[in-house]
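Some labels for parts of a protein model rest on a cut-off or a count. The questions below ask what stands behind them.

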Amino acid sequence: MFAIVSKSDGFPVSRHVGGGKPDMVVTWTSDARAKAFLSAKGMQADYQVVPLTEDSLNKMAKALGCAADAIAFDAYPEK
């Protein structure tokens, strides 16, 4: 699985769920699909695709201000 994070601060692309619940980090099933999303949105200069590893999760947690095990995920709908 892959996520997209800001190159400047490591904050991941997330989906706001509301109701006082934390935002969910959006994931893609492949590097190519995540890169296609970035390309379609014209966001390649500011964002990068990262594989979900222990290191990347820890960096996202730091950017989000929470523990890595508190991060919730939401798969990007693929056709």
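Q: What is the volume of the largest pocket?
A: In this predicted model, the largest pocket has a volume of about 170 Å³.

Q: What makes a residue part of the lining of the largest pocket, and which residues are they?
A: A lining residue has an atom within 4 Å of a pocket point. Val5, Ser6, Lys7, Gly10, Gln48, Val50, Asp55, Ser56, Lys59 and Met60 line the largest pocket.

Q: Which element supplies the largest share of that lining?
A: Helix α2 does, with four residues. β1, β4 and α2 each supply at least two residues.

Q: How does the lining divide into nonpolar, polar and charged residues?
A: Three are nonpolar, four polar and three charged.

Q: Why is Thr27 called buried?
A: Buried means under 20% relative accessible area. Thr27 has a relative accessible area of 3%, so Thr27 is buried.

Q: Where does Thr27 lie, and which residues does Thr27 touch?
A: Thr27 lies in strand β3. Leaving out residues up to four places away in sequence, Thr27 touches Met1, Phe2, Leu52, Phe73, Asp74, Ala75 and Tyr76.

Q: Which residues of helix α2 are buried?
A: In α2, residues 54-64, these are Ser56, Met60 and Ala61.

Q: How do you know that the buried residues of α2 line one face of the helix?
A: Seen down the axis of α2, the buried residues fall within an arc of 140 degrees, so they line one face. The face turned away from the buried side carries the exposed residues Glu54, Lys59 and Lys62.

Q: Which strands do the buried residues of α2 pack against?
A: They pack against β1 (2-6), β3 (24-28) and β4 (47-51).

Terms used: Residues numbered from 1 in each chain as written. Predicted model: local features only at pLDDT ≥ 70, side-chain atom pairs only at ≥ 80, totals over all residues. Heavy atoms only, no water. Buried < 20%, exposed > 50% of the residue type's maximum accessible area, 1.4 Å probe, protein only. Arc of directions from axis to C-beta. Contact = heavy atoms within 4.5 Å. 1 Å grid on protein atoms, 1.4 Å probe; cavity = no way out; pocket = protein on both sides within 12 Å on 5 of 7 lines; lining within 4 Å. Points joined across faces, edges and corners; volume = space filled by probe spheres on them. Nonpolar A, V, L, I, M, F, W, Y, C, P; charged D, E, K, R; others polar.
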